[in-house]
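Please look over the sequence and the model below before reading on.

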There are 2 protein chains.
Amino acid sequence: MDVKTTCLGVLALGPASGYEIRKAFEEGPFSHFAEGGYGSIYPALTKLTKEGLIDGRKEEQAKRPDKNIYHITEAGRQKLVSSLETVQPAEDKIKSDLLFMLFFADFLPREHIAAAIDARIGWYREKLAHMRGCMETGAAHLSQPVAGAMCSGATSGPHIVRDFGIAVYQAALDFLEQERGAIVASAGTKPMTATGTAQDAAE
Amino acid sequence: MDVKTTCLGVLALGPASGYEIRKAFEEGPFSHFAEGGYGSIYPALTKLTKEGLIDGRKEEQAKRPDKNIYHITEAGRQKLVSSLETVQPAEDKIKSDLLFMLFFADFLPREHIAAAIDARIGWYREKLAHMRGCMETGAAHLSQPVAGAMCSGATSGPHIVRDFGIAVYQAALDFLEQERGAIVASAGTKPMTATGTAQDAAE
DNA sequence: GTCCGCATGTAAGTAGTTACATGATTCA
DNA sequence: TGAATCATGTAACTACTTACATGCGGAC
């Protein structure tokens, strides 16, 4: 999903500034599927404003820099709905760099493979602990009362996303924990630049 | 993983043309983590050649267009290994458009949510059937005997990738099948442009 | 007194997608 | 005869990342 659409999604829950949208991408349920730095968020907000999908209002703050608070417009809501309705079933391929590395496990140093798997197991455990620990509904970053009104408990979306993430990460973790021994055992048995590789066979 | 590195990975298994690399991305174990059309593969091969990581040889064919067969060089092998060693534990976030849509399930038409989930369930089932049915080792697309020599059975990488993919897709499928009823039941209960949404609350 | 958080934005560069351009063979 | 497969490449465009630029307030 492109940054413009994810910004629109955040703003559908309530008004927010560019900085707050960034936080929504880093923490909370949006962090499971959205990404983007300031370098993509701010230009996206400018474009969305020009297209009439959102509008911005300056808000002065005491002892803090001014904020540009963006609100979604009716056109923006319609655009979000139409974007959501055109989601295609494909394109949910696993694109994992770790998997790419494991494909070549036999050709890489055993210690390296072991360390990479352990690091990933740790990452999954932390991720899962964090996801199980927090029940935030998606609008935790939003200060406006409106967000709370819309997202408090009754809305099931955030819970689905959270539980889906937990299910998938748990499966990945289980796999790595179970297969770690076998993968490490066969790792490094065919070093790429030594005897017995395709390079030699071809010559 | 960028296209240059994935091309290098395919070529580490044996010589191939740009067209054959494309096929490797579409079918076989590479399809689980690699992507790229001709528009990215051919420029990548040109760059890799200039960097001395691969070299190309023209091969004439009867009744077929000429092929440019690329071979990985020793420098290319080393580069691939160093790329694989710098894989970071992060960045394996689930970035799913379906999940993004389900986050807003309560605000979208019930029939649409049901159809989208069913389509995805079908996609997962097909994907899993295909993955379970084929035991290809990653070099199925390569005509050279060397690929067979390198990848026949003894190499565990392709199997790990395949089994990891199966585990993760199965978890995602199980979740959708179990939660389908609940998700559809709460879908469409809060249409975005009608009464009771943030839009109204803000006004 | 130095680093972190709050806050907004631009500029340059990287990487990838989509469409275009060509042309023979083979199969239905 | 029309579509699919084999085969290579370029050009224009889109989208995103990284680094730069600025500046105040509060915590340690």
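A backbone N or O atom of Asp66(B) lies 3.4 Å from a sugar or linking oxygen of DNA strand D, and this counts as a polar contact, which is a pair of N or O atoms within 3.5 Å; within protein, one must be able to donate a hydrogen and the other to accept it, and residues adjacent in sequence count only if both atoms are side-chain atoms. This is a predicted model, in which local features need pLDDT of at least 70 and side-chain atom pairs count only at pLDDT 80 or more, while totals for chains, interfaces and linings use all residues. Residues are numbered from 1 along each chain as its sequence is written, chains are lettered from A and ligands numbered from 1 in the order in which they are written, and side-chain values use heavy atoms, with hydrogens and water left out.

**Around the DNA strands**

DNA strand D is surrounded by 19 residues, of which the closest are Tyr19(B), Tyr42(B), Gln61(B), Lys67(B) and Asn68(B); a residue is near a strand if one of its heavy atoms lies within 4 Å of it. Of the atoms of DNA strand D within 4 Å of the protein, 70% belong to sugar or phosphate, and the rest belong to bases. Both chains take part, since at least two residues of this surface come from each of helix 3 (38-50) of chain A and helix 2 (18-26), helix 3 (38-50) and strand 2 (67-72) of chain B; helices (H or I, at least four residues) and strands (E, at least two) are DSSP runs, numbered from the N terminus.

Around DNA strand C there are 19 residues as well, and Tyr19(A), Tyr42(A), Gln61(A), Lys67(A) and Asn68(A) come nearest. Sugar and phosphate account for 70% of the atoms of DNA strand C that come within 4 Å of the protein.

| Protein atom | DNA strand | Distance |
|---|---|---|
| Tyr19(B), polar side-chain atom | D | 2.6 Å |
| Asn68(B), polar backbone atom | D | 2.9 Å |
| Gln61(A), polar side-chain atom | C | 2.6 Å |
| Asn68(A), polar backbone atom | C | 2.9 Å |
| Val3(B), polar backbone atom | C | 3.4 Å |

Glu20(B) has its place in helix 2 of chain B, and because its relative accessibility is 6%, Glu20(B) counts as buried, a word used for under 20% relative accessible area, with exposed over 50% and partly exposed in between (1.4 Å probe, protein chains only). The side chain of Glu20(B) makes a polar contact of 3.0 Å with the side chain of Lys67(B), and Lys67(B) is also among the closest residues to DNA strand D.

His112(A), found in helix 6 (residues 110-133) of chain A, counts as buried because its relative accessibility is 18%. Leaving aside residues up to four places away in sequence, His112(A) touches Met101(A), Leu84(B) and Glu85(B), where contact means heavy atoms within 4.5 Å.

**Chain A and its helices**

Chain A has nine helices and two strands, and 51% of its 203 residues count as buried. Where do helix 1 and helix 2 of chain A meet? Thr6(A), Cys7(A), Val10(A) and Leu11(A) of helix 1 meet Ile21(A), Ala24(A) and Phe25(A) of helix 2.
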